[in-house]
Amino acid sequence: MADLGRAVHRNADRIKDRVRPVRDRIAQRVPVLAPYVTRKPAMRPLERQRQFWEESDAALAPGPYARASVEAILGAADVRIARDAPILEIGSGVGATLAALVDAGFTNVTGVEINGMAVQSMRKRYPQLADVPVVIGPAEMVLRGMSDDQFALAVAIRTLQHTHPDSADLFGTIARIATTVVTIDEPAILGRHRYPWDFGQEFAGHGMSVVKRQPLVTRGRHTGDTMVILRRSST
């Protein structure tokens, strides 16, 4: 019965995937309509949300701006990271961003990914990631066991917008284990798998402050995503 239930949910999700792009465009272009065309977070329990990302085919597609995102991070004067410094990517997917980091010369990168199939695909897709460690599981759970200041940089590209309200402690965990955090995300709206987080505000509650906020541009075109660089506040 459990397998049947998962199959029903997957089929329903596929149908809704066809509707979601249209709905999201309406919500972005006419924000006042967003509450009427999107579902409330309370209607998507945490366990159901995790199940979606554990089984979703969406995790098997490379992010659209992985290399542009890495170039933007490395090009920001506010981010100066040694090539052997420990770097964490939260929501590493099939490894496009990790591969771009390795190709740029970084030798100490780690990924966290909820979808095991995505990690399998990563190993086949990017030979340079054969020895890169990737921890499989929900970020809010697996990162709790990591040490304070374990990473010089934590990167989250189109990931933190999917943080469920019941997992909001993830922001505090990230602030604890990394001294610098870079998020790159789409506009903050309320959607079926998206929540309108203000990253500056969330991380500020855990001792971090925004040092830069800028649009992500590739080939002279604004992608619609925004890069936010945060750093541990001085005490």
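Reply: In this predicted model, strand β4, helix α8 (residues 169–177) and strand β5 together form a right-handed β-α-β unit. The two strands of this unit, β4 (residues 153–157) and β5, run parallel and are joined by four bridges. Within this pairing, A156 has T183 of β5 as its bridge partner.

Strand β5 is the part examined here. It spans residues 180–185, and six of its six residues are buried, so the strand is largely enclosed by the rest of the structure. This burial applies to both faces of β5: T180, V182 and I184 lie on one side, V181, T183 and D185 lie on the other, and all are buried.

In β7, the residue opposite I184 is M227. In general, the strands of a sheet pair through backbone hydrogen bonds, in either a parallel or an antiparallel arrangement.

These pairings belong to a wider arrangement. The sheet is open and has seven strands with mixed pairing, in the order β3-β2-β1-β4-β5-β7-β6. Its edge strands are β3 (134–136) and β6 (208–218), each of which pairs on one side only. On average, and with direction ignored, neighbouring strands of this sheet are turned by 20 degrees against each other. Elsewhere in the sheet, strand β1 (residues 87–90) pairs with β2 in the parallel sense over four bridges, and I87 has V109 of β2 as its bridge partner.

Helix α4 (residues 66–75) lies across β4, β5, β6 and β7, and runs at about 130 degrees to β6. Helix α6 lies across β2 and β3, running at about 155 degrees to β3.

In soluble globular proteins, nonpolar side chains tend to be buried together.

Apart from neighbours within four places in sequence, M227 is in contact with several residues, including V182, T183 and I184. The contacts of M227 also include A72, I73 and A76, as well as K212, R213 and Q214.

R158 lies in the loop between β4 and α8, and it counts as partly exposed because its relative accessibility is 25%. With neighbours within four places in sequence left aside, R158 is in contact with I184, D185 and E186, and also with P64, Y65 and D225. The side chains of R158 and D225 are joined by a polar contact of 2.8 Å. The C-alpha atoms of R158 and A66 are separated by 9.8 Å, although these residues are 92 residues apart along the chain.

Another loop residue of this structure is N115, located between β2 (109–113) and α6 (116–125). N115 counts as buried because its relative accessible area is 0%. The side chain of N115 reaches the backbone nitrogen of M117 at 2.9 Å.

Terms used. Residues are numbered from 1 along each chain as its sequence is written. This is a predicted model: local features need pLDDT of at least 70, side-chain atom pairs count only at pLDDT 80 or more; totals for chains, interfaces and linings use all residues. Side-chain values use heavy atoms; hydrogens and water are left out. Buried means under 20% relative accessible area, exposed over 50%, partly exposed in between (1.4 Å probe, protein chains only). A polar contact is a pair of N or O atoms within 3.5 Å; within protein, one must be able to donate a hydrogen and the other to accept it, and residues adjacent in sequence count only if both atoms are side-chain atoms. Two strands pair if DSSP finds at least two bridges between them. A crossover is right-handed if, with the strands pointing away from the viewer, the path from the first strand over the helix to the second runs clockwise. Axes are lines fitted to C-alpha atoms, for helices over the stretch in contact, and angles run from 0 to 180 degrees between N-to-C directions. Contact means heavy atoms within 4.5 Å.
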